[in-house]
There are 2 protein chains.
Amino acid sequence: MAEFSIDRFVDRYAERTSGMSASEVRALFAVAARPEVVSLAGGMPYVEALPAQDVLEVATQVLRDLGPTALQYGGGQGQLALRDRAVMLMAEEGVDADPDDVVITTGAQQALDLLGKIFIDPGDIVAVEAPAYVGALTAFAAYQPRFLTIELDDEGMIVEQLERAIVRGERPTFVYTVPNFGNPAGVTMSRRRRERLVALCRETGIPIVEDNPYGLLRFEGEPLPCLRSLDPRNVIYLGTVSKTFSPGVRVGWALADHSVIQRLVLAKEAADLCGSNLTMLLTERWFSDDARWRSALSGLVETYRARRDAMLQALEEHLPDTATWTHPFGGFYVWVTLPPWTDTTAMLAAAVERRVAYVPGTAFYPDGRGADRMRLAYCYPTEDRIREGVARLATLLEDDERLYRSFHRS
Amino acid sequence: MAEFSIDRFVDRYAERTSGMSASEVRALFAVAARPEVVSLAGGMPYVEALPAQDVLEVATQVLRDLGPTALQYGGGQGQLALRDRAVMLMAEEGVDADPDDVVITTGAQQALDLLGKIFIDPGDIVAVEAPAYVGALTAFAAYQPRFLTIELDDEGMIVEQLERAIVRGERPTFVYTVPNFGNPAGVTMSRRRRERLVALCRETGIPIVEDNPYGLLRFEGEPLPCLRSLDPRNVIYLGTVSKTFSPGVRVGWALADHSVIQRLVLAKEAADLCGSNLTMLLTERWFSDDARWRSALSGLVETYRARRDAMLQALEEHLPDTATWTHPFGGFYVWVTLPPWTDTTAMLAAAVERRVAYVPGTAFYPDGRGADRMRLAYCYPTEDRIREGVARLATLLEDDERLYRSFHRS
């Protein structure tokens, strides 16, 4: 009877699914997989740099010494020993924490989903940077908020815009920010802006969600205080080992007031009962050897720094004068602004044809903006591949510009 | 200013959180951890029976041969090779599937959450068995449905009740059932009821969610057809390796029409980007060796069968005549019905004092019923401990009955 129907459940889906669109990140995983394409798209860490023998040794230790625990269910908050390691990693960035106030999540991404679940009612306002991390927009969108977008400049979120919005009467449920080497813009919030944001949110009683996946991947300049360390009571802090160790273990966490953590743990248990004891214990063991994890992390930082340098140099060398871009002090990404006639979404197919990929800017705005922007990731390809990829991109942009000018000359 | 506040975000939480209560399962994990208590509460598989050396060997293979993949991000649908193994495991139960129609989830629990996310709008009706799996009630409750409860008898869900509800005008978004050795009741849906449920739902266009974690743990009787194999188009099927291998790898899956899978994959990516490639590949390798997984599974089935026998015998021997219980053909649980004056929630503290634990019946109803019921799990404790635990429970029940009668005699 319904044989011809493409989707027989089409009338049954929840309203929240109408906001769910094909994940651009996922589509690009497929593109990036073709070896002849230089992918400047995906934000995959360069896990090939990890000492494979050490990882194997740690996994062997866990299964040999803690096998039955590793293979069993655990509590929703996550292994205490791993929460201690999360506390240690946060201390590296000046954040003081109690392991009781930490919940381990499936990457920090799950913390975003669970925060959406416990905080967002349909129609609630969530303040985000513009551009913002696409995964946060997708996670929150499932709970049907209205997004309030706050522009970025070289000092990060323009807090004055948020202030004006609040004066206008907007009351965000929370403000979401990636203050260090943000995804996609690669900019870092200045100390002045950090202090102003924290003061504004404290005064107006608006919680801040500080997402800090890249903080330990700094190439230059002095670390700035985390928002959480400026205001431990009003800031919910998210961390992860996806960039400092491995995303394959799916270990992230949230640090918050214990009352928030209790709700996050209940939401976590409803979502998947518990994380994997095996990967939690493996991650705990990895970070138990100070020399090992610091040496592996330094190796990653040096690799990423060299790749960033290669990309910045190639952009300088190849890109037309009409393009501008950010200068990341750390992390994975450069954000390129192109002339206003550019449509990076429409251009992506042509780019892939020329064997280079990027993420179109529109992915990072909830409101359809960003067609003249693109995100370039330097984390995964080698320096030579980065140079080759940027050169390919440059010819595409030149051709696009020539085409545009020829139409507007005639 | 808010120093005295217990929960400074108390006015900010989403409405859906008002339905979230302390997970009884979690509270009982804590109780079960005390070695002097015989826990008949938690449904922990007996992972100690797994051949530890074999698991270590498989983990070593994965990290040695596939390290960079295991430690990297993956796609939201999960590793294809593992989806092939899921297809193989479903074929064991007579379910024919295409790996394209499978999404790997963090245990089947995450599939429940994602199904709630894509199907349930606030106020929608979800039909569940009474009693039902507490984790399903919790997962769905986050999306604020109204539960329609359908009673169970020894043949499983009383489908006639669902039929009458539909005639009354109820239109469930979906029907959720655990047809094989259900949690908590330990009963199995008869063939007659399976056929009737499938026909009813097909006619009325109501999807069925069939959750089958225990299907391969049968101790007696002939396997009955899965609902999915009776109606592949209208049944969404959930599977897991948590009971046939290990819950520590957090590997479950959903099988559904490809249009549903596409939405589940988007919801999965929004929830946590992807599962752990490491535990997915480890699970894939585990099930790649036919002799190995079959032998480990047979070992588990024999262990659980002996423990079920010990429990049924102990119940027969010790429990007062006023108690009745189910006879599970497989799985982990016996469901005990006590005299109507019993309050198993109130009695739990006294039980723990007498060094035995169970799950009170109210956990498994969305409407506060079940105070005179309890779930007993035989999966984890040894046969001696089971006998000891049931004996302790029996003295408690006898004392409770004596107390009740003394009050009502006077």
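How many helices and strands make up the secondary structure of chain A? I looked this up and found 13 helices and 14 strands, taken as DSSP runs numbered from the N terminus (helices H or I with at least four residues, strands E with at least two).

I noted that this is a predicted model, in which local features need pLDDT of at least 70, side-chain atom pairs count only at pLDDT 80 or more, and totals for chains, interfaces and linings use all residues. Residues are numbered from 1 along each chain as its sequence is written, while chains are lettered from A and ligands numbered from 1 in the order in which they are written.

I counted 56% of its 410 residues as buried (20 or more other C-beta atoms within 10 Å of the residue's own, with C-beta atoms placed from the backbone).

Next entry: the two copies.

Last entry: the interface. I found 71 residues of chain A in contact with 71 residues of chain B (C-beta atoms, placed from the backbone, within 7 Å). α2(A) gives the most to the side of chain A that touches chain B, with 10 residues. I also noted that 100% of the interface residues of chain A are interface residues in chain B too, so the copies meet through the same surface.

Definitions and conventions:
Contact = placed C-beta atoms within 7 Å. Buried ≥ 20, exposed ≤ 12 C-beta atoms within 10 Å, placed from the backbone.
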